[in-house]
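Let's go through a few and ask what each one rests on.

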Amino acid sequence: MPHRPRHRHHRAVGAAVAATAALLVAGLSGSASAGTVPVGSAPTAAESLRTDAAPPALLKAMQRDLGLDRGQAERRLGNEAEAGATAARLRLALGGDFAGAWVSGAESGTLTVATTDAGDVPAIEARGAEAKVVRHSLAGLDAAKARLDRAATRHDTADAPVWYVDTRTNTVVVEAIRPAAARSLLAAAGVDRSLARVESRTERPRTFYDLRGGEAYYINNSSRCSIGFPVTKGTQQGFATAGHCGRAGAATTGANRVAQGTFQGSVFPGRDMAWVATNSSWTATPYVLGAGGQSVQVTGSTAAPVGASVCRSGSTTGWHCGTVAQLNTSVTYQEGTISPVTRTTVCAEPGDSGGSFISGSQAQGVTSGGSGDCRSGGETFFQPINALLQNYGLTLKTTGGDGGEDPGEPGGGTWAAGTVYQPGDTVTYGGATYRCLQGHQAYAGWEPPNVPALWQRV
């Protein structure tokens, strides 16, 4: 029944870059490359993340919404995978100087990495990226944004509903219906105005509630939402979705009105995450619903960088694509504030709530809310999937199996399939120590030596 540290000495930067000089910086069209890949070398990021296996439905939606042809769409996915890996290595090398990274160009052919130290520029350019010297580090911007988050718990943010770290402008942005509301929030948080920028907006974000999504399901035989991504928890099957769709204990039925499952956990506001455990009539598959009913394969959950393409599946509006605008965003709905979410340029409408956001074959998150629509254009926020998986101890269903078993490795180690790793986490495997470069959930076959896009030996 399928439904389916501050500044380090420049010497430290040089050492870090030298330690990784043998690693390929590939796939960035029009940028410098470290060389060609020797026969038998480790796979590139694009190979590891199987960007060549992007489904036709996703490529078509990228062509339509991003103004690309098929070749450009394919190259963009490959470039974004390589850019993510390169940015992650540079973040590790630059330490406290790092001020963010983003891709740009029709094919995401340019990776820009920001730093607070001009002495880092040669190291950045040596990896094929463009360098931008800025005033504030990413850690400093994140800390300012965290102060806004804390202030929002005791401050009315209805008229200043969105705030985020904007790495491109090296500021914390507060978007407000009334500028005075933004100034009030910044003052309450004690955020220096040199760190912040106030922008005007006319619409209040809302949750896409009580309606259809990637695949529709019904809550307590009344409201409707969307399946985000099929998951497992041990032998229990189920799916991830938005927290605002239902509370723990609420019963669900499928789009066919057949009894389906029960909400096991739900958080909203604060976060917007939930999961449903399904009954034996339902089987978790490694797919999301694409255009024309086609199945789109999911092979992992590596987080996409700012500027990367991302597509959303929803039963109301179908497949729509756009780009990742900001990662560390807070948004206030009528029901309260959630943070951190990812802000995108993808449109959505009522009925798309809870549904899937995917970049290439990598799961990104579940649809939360937004503003606008798919006729005039809009914005949508998603709850990142890795935080959801980690919170509930879930494993994303992928084409490589459910990833729930540690394949074992000679000499033991701390790396384990099914674990959600964040940048900077360290593990041991095969007697060696590795540091995580990009956030992801680990799967059998993605052991640290096999995926240099995700792990760096230290």
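Q: Where does Arg 50 lie?
A: Arg 50 lies in the loop between helix 2 (45-48) and helix 3. Helices here are DSSP runs of H or I with at least four residues, strands are runs of E with at least two, and both are numbered from the N terminus. This is a predicted model: local features need pLDDT of at least 70, side-chain atom pairs count only at pLDDT 80 or more, and totals for chains, interfaces and linings use all residues. Residues are numbered from 1 along each chain as its sequence is written, and side-chain values use heavy atoms, with hydrogens and water left out.

Q: Why is Arg 50 called partly exposed?
A: Its relative accessible area is 41%. Buried means under 20%, exposed means over 50%, and partly exposed is in between (1.4 Å probe, protein chains only). Arg 50 is therefore partly exposed.

Q: What makes the phi of Arg 50 worth a note?
A: The phi is positive, about 50°, although Arg 50 is not a glycine. Most residues other than glycine have a negative phi.

Q: Why is Asn 221 called exposed?
A: Asn 221 has a relative accessible area of 58%, so it counts as exposed. Asn 221 sits in the loop between strand 8 (216-219) and strand 9 (223-226). Its phi is positive too, about 60°, and Asn 221 is not a glycine.

Q: How do you know that the bond between Phe 268 and Pro 269 is cis?
A: Omega is about -5° there. Pro 269 is found in the loop between strand 13 (259-267) and strand 14 (273-278). Ser 339 and Pro 340 are also joined by a cis peptide bond, with omega about -5°. Pro 340 is placed in strand 19 (residues 336-344). Most peptide bonds are trans.

Q: What makes strand 25 and strand 26 a pair?
A: Two strands pair if DSSP finds at least two bridges between them. Four bridges join strand 25 to strand 26 (residues 432-436), and the two run antiparallel. Thr 426 has Arg 435 in strand 26 as its bridge partner. Two residues separate the strands in a hairpin, and Gly 430 in the turn has a positive phi of about 60°.

Q: What makes a set of residues a nonpolar core?
A: The members are buried Ala, Val, Leu, Ile, Met, Phe, Trp, Tyr and Cys residues, joined through side-chain atoms within 4.5 Å. The largest such core has 51 residues. Helix 3 (residues 56-66) gives the most to this core, with five residues.
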